[in-house]
Amino acid sequence: MRAARLIRMALLVQSSPGLTAAALALELGVSERTVIRDARALQEAGVPVRSERGRTGGYRLAPGYRTRLTTLRPAEAETLYLSGVPAALRDLGLSGAADAARLKLSAMLLPSLRAAAESSVHRFHLDAPAWFRQPSAPELLPELARAVWADRTVLLAYARPGREVARLVEPYGLVLKAGVWYVVGRVPGGPAAGPAGAWRTYRVDRVTALSPAPGAGEPFVRDPSFDLAAYWEEHSAAFARALLRTSVTVRVTEQGLRRLPAVVDPAGAAEALASAGVPDAAGRITLGLPVESEEVAFEQLSVLGAEAEVLAPQGLRARFRERAQALAALYGAEEDQR
């Protein structure tokens with residue numbers, strides 16, 4: 001246990017010269033007195049740790065004492081910092097090991113490469129689903145990613161239901177959610193943009209065209225306070241709910257009610273279950289279910305079979321009636337042939 005702490009302390013001092021005893025104690029979860037004892041132990045082991053007093057003091061390693069990955073290119077360093085899945089690591093109890101690995105990498109990188117690697121944390125965030133899926137790769141994703149890296153304002157052609165719109169965006173970052181890529185950006189202002197300074201989220205697979213913003217020769221200035229992971233955590237639920245633009249009335253059995261969250265959008269299922277009425281004489285519950293569209297609802301609710309009955313809208317109910325009649329005819333014909 002102590003050996004691991006000593007290694008971590010040496011790496012912290014190497015990657016962040018000037019850390020005080022108080023800062024190291026907080027990072028290592030020990031007392032300042034333990035930090036002082038550990039520094040002595042490192043010195044006795046041949047690691048040249050020294051403590052400097054004054055405003056710019058703190059713990060440092062002797063000049064030139066550093067292990068460097070001198071053959072690592074900036075693009076490789078950036079890619080390494082994108083290789084983790086934070087949510088999955090946290091669920092598996094491996095977040096501590098991942099933090100230690102990133103610290104070791106940071107300690108070994110040259111200062112110029114360390115800056116390139118750390119910049120990826122501010123530009124990309126991976127929100128993995130509970131069960132991993134093969135992510136989609138929209139055609140314009142590589143070009144949009146290059147715009148994110150270069151802080152380049154772009155003009156998007158974006159497919160809305162029944163129409164296509166133009167959007168001027170400062171692309172801050174990309175998020176992979178349940179196999180679907182999203183771009184998070186800020187509105188710079190202008191006739192094709194909307195309120196200046198507003199944040200927007202777009203599905204990348206609905207971007208039909210991408211071009212540099214007219215007259216935008218220089219990179220946009222990033223807001224240093226923007227945190228992509230924090231933004232996504234705060235706004236993803238509201239964004240998912242915003243996709244549910246219509247509602248259907250459905251009557252479900254007890255089993256259908258239990259299965260509902262697994263077959264429809266989680267945001268819609270949560271809202272429907274929260275407002276569900278009491279069971280009728282047959283034990284079925286009628287509820288209003290927010291959905292993205294009638295087409296999506298048809299595909300999702302078909303999975304429940306006879307455990308769900310659509311009551312409204314009538315057009316959707318008619319589609320289920322036609323499906324049921326077709327199935328009855330198909331399986332009835334098979335019985336006649338036997």
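This report walks through the predicted model shown above, from its overall make-up to a few local features.

The model is a prediction, so to speak, with local features needing pLDDT of at least 70 and side-chain atom pairs counting only at pLDDT 80 or more, while totals for chains, interfaces and linings use all residues. Residues are numbered from 1 along each chain as its sequence is written, and side-chain values use heavy atoms, with hydrogens and water left out.

**Overall picture**

The protein has 13 helices and 11 strands; these are DSSP runs numbered from the N terminus, with helices being H or I of at least four residues and strands E of at least two. Of its 338 residues, 36% count as buried, where buried means under 20% relative accessible area, exposed over 50% and partly exposed in between (1.4 Å probe, protein chains only). The accessible surface comes to about 19,300 Å², and 55% of that belongs to carbon and sulfur atoms; areas come from the Shrake-Rupley method with a 1.4 Å probe, and for residues only the protein chains shown count as cover. Among contacts (heavy atoms within 4.5 Å) with a separation of 6 or more, 64% join residues 24 or more positions apart.

| Helix | Residues | Buried residues |
|---|---|---|
| α1 | 2-15 | R5, L6, M9, A10, L11, L12, V13, Q14, S15 |
| α11 | 266-274 | G268, A269, A272 |

Helix α1 has 14 residues, which at 1.5 Å a residue should span 20 Å, and its end C-alpha atoms are 20 Å apart, in agreement. The expected span is 1.5 Å times one less than the number of residues.

In α11, G268, A269 and A272 are buried. Seen down the axis, these buried residues fall within an arc of 100°, so they line one face of the helix; the arc is that of the directions from the helix axis to the C-beta atoms. An α-helix has 3.6 residues a turn, so residues three or four places apart point the same way. The buried residues of α11 pack against α10 (254-263) and β10 (285-291), whereas P266 and A274, on the other side, are exposed.

**A buried loop residue**

T153 lies in the loop between α8 (141-150) and β4 (154-160). With a relative accessible area of 9%, T153 is buried. Leaving aside residues up to four places away in sequence, T153 touches L168, V169, E170, P171, P188, P212, A213, A216 and F220.

**A partly exposed leucine**

L330 sits in helix α13 (residues 314-337) and counts as partly exposed at 45% relative accessibility.
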